[in-house]
Amino acid sequence: MSRTANVVRLTLPPGRRVLVISDIHGNLPFFKGVLSAARYTPDDVLVLLGDLVEKGPDSLATLRYIMALAEQNTVYCVRGNCDNLVSDFALDEGAPEAGFYHHYLNVWRDRCLLVQMGQAAGFETRGPEDLAGLREVVRERFAPELAFLEAMPEILVTPDYLFVHGGVADEERLDGLDAWGCMKNDDFLSQGHSFRRWCVVGHWPVTLYDPRVPRCRPLLEEKRHIASIDGGCSLQIGGQLNALVLPEAPGGAFSWFAYDGLPTAAALDAQAPSADSVNVRWGRNALEVLERGRELSRCRHLETGRVLDVLTEYLYVDRGVTRCEDSTDYRLEVHPGDTLSVVRRVSDRALVKKDGVTGWYFGRME
């Protein structure tokens, strides 16, 4: 359903800390975890930058938690492409049901908010033939949730910041933009845009931008005034949910908090970082398996020709092509005493994270 983006102009309350979080994707433990890490209080201003729901374990509970939070505290929400899915389906009689079923109900199954709504109402969605009934159930039983999603604008603008889920080309020409293009704007940083205000976006996981090193922490383009903050929550095994803290005054320094739900360990040995490495990312992850092992498999990355060890459990076949979850041969820089998030352990090494950067560690941990 094509429509024009809703632009809301406002002034953030002065003297209060502002946290910006994007792409929660129905992961309530991660959302609560990053709020706790940031020591969030009702005195803070919270900007949620879209994709509150879909693809995570409990979108319905997450949405309701955010709705309750917004009733009590200062919370601004921006609509993302996944948030748009539910209202488009429920309110647009012309929604293409067969394609909708394949891409969302069939692919994400119980991780789809609409499926969760149906289950909460005692309605099971088995196939495309059930979608008309699901639409009726969602309209009848979830009017408050639909109203909350529908009220979310695509763009928030303040004198110093522009908040949009996917991205825009020009901060001076916001009125009349296509809503979908603002929500789903892939690979935004590669489009060459620059801004006077800081433009804060989510949607595209930041690790997809670096061909060498997997980084999930917020990516700040100082000269271009763009902050990209999607840490891959619910989408990547080593992903995280980021909370960007805006400077107290324009021109000041950003800070951030993150939560990844992973166990932690203390490093006992030092390790130097790799001088050369590869980041095998979604969409660019076709492989040739050279030698399959129980824990690790030797593989050739078809795009770069690089040979590296990939966790065997990360391998999968998609339409006849062998691919992998995000993988790397990067050796993380580690100092004794560093706290590491442990993604996976194997016999002679561990895949770990430090400060939002993922890599292999060959030292001891306790």
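## Thr 358 in strand E22

Thr 358 is found in strand E22, which covers residues 357-361. Helices (H or I, at least four residues) and strands (E, at least two) are DSSP runs, numbered from the N terminus. The model is predicted: local features need pLDDT of at least 70, side-chain atom pairs count only at pLDDT 80 or more, and totals for chains, interfaces and linings use all residues. Residues are numbered from 1 along each chain as its sequence is written, and side-chain values use heavy atoms, with hydrogens and water left out.

Thr 358 has a relative accessibility of 9% and therefore counts as buried. Buried means under 20% relative accessible area, exposed over 50%, and partly exposed in between, with a 1.4 Å probe and protein chains only. Leaving aside residues up to four places away in sequence, Thr 358 touches Pro 214, Thr 328, Tyr 330, Leu 332, Leu 351, Val 352 and Lys 353. A contact here means heavy atoms within 4.5 Å.

## The chain as a whole

The secondary structure of the chain comes to 8 helices and 22 strands. The radius of gyration is 21 Å, close to the 21 Å that the globule rule gives for 366 residues, so the chain is as compact as a globular protein of that length. This radius is taken over C-alpha atoms, and the globule rule is 2.2 Å times the number of residues to the power 0.38.

Along its principal axes the C-alpha trace spans about 55 × 55 × 35 Å. Of the 366 residues, 54% count as buried. Among contacts with a separation of 6 or more, 68% come from residues 24 or more positions apart.

Helix H1 runs over residues 28-37, and its buried residues are Leu 28, Phe 30, Phe 31, Gly 33, Val 34 and Leu 35. The elements covering these buried residues include strands E2 (18-21), E3 (45-48), E10 (241-245) and E11 (255-259), together with helix H2 (59-72).

At the N-terminal end, H1 is capped by Asn 27, which has a side-chain oxygen 3.2 Å from the backbone nitrogen of Phe 30. Just after H1, Arg 39 takes a positive phi of about 55°.

## Helix H5

Helix H5 (residues 113-120) has 6 of its 8 residues buried, so it is largely enclosed by the rest of the structure. The buried ones are Leu 113, Leu 114, Val 115, Gln 116, Met 117 and Gly 118. Gly 122 follows H5 and has a positive phi, near 80°.

## Packing of H3 and H6

Helix H3 (residues 81-91) packs against helix H6 (residues 131-141) at an angle of about 105°, with the axes 9 Å apart. The two helices are therefore roughly perpendicular to each other. H3 contributes Phe 89, Ala 90 and Leu 91 to the contact, and H6 contributes Leu 131, Leu 134, Arg 135, Val 138 and Arg 139. By class, the contact has 6 nonpolar, no polar and 2 charged residues.

Axes are lines fitted to C-alpha atoms, for helices over the stretch in contact, and angles run from 0 to 180 degrees between N-to-C directions. Angles under 35 degrees count as roughly parallel, over 145 as roughly antiparallel, 65 to 115 as roughly perpendicular and the rest as oblique. Ala, Val, Leu, Ile, Met, Phe, Trp, Tyr, Cys and Pro count as nonpolar, Asp, Glu, Lys and Arg as charged, and the others, Gly among them, as polar.

## Two loop residues with positive phi

Asp 51 is not a glycine, yet its phi is positive, at about 55°. Asp 51 sits in the loop between E3 and H2 and is buried, with a relative accessible area of 2%.

Arg 319, also not a glycine, has a positive phi of about 50°. Arg 319 lies in the loop between strand E17 (315-318) and strand E18 (321-324), and at 78% relative accessibility Arg 319 counts as exposed.

Conventions:
A polar contact is a pair of N or O atoms within 3.5 Å; within protein, one must be able to donate a hydrogen and the other to accept it, and residues adjacent in sequence count only if both atoms are side-chain atoms.
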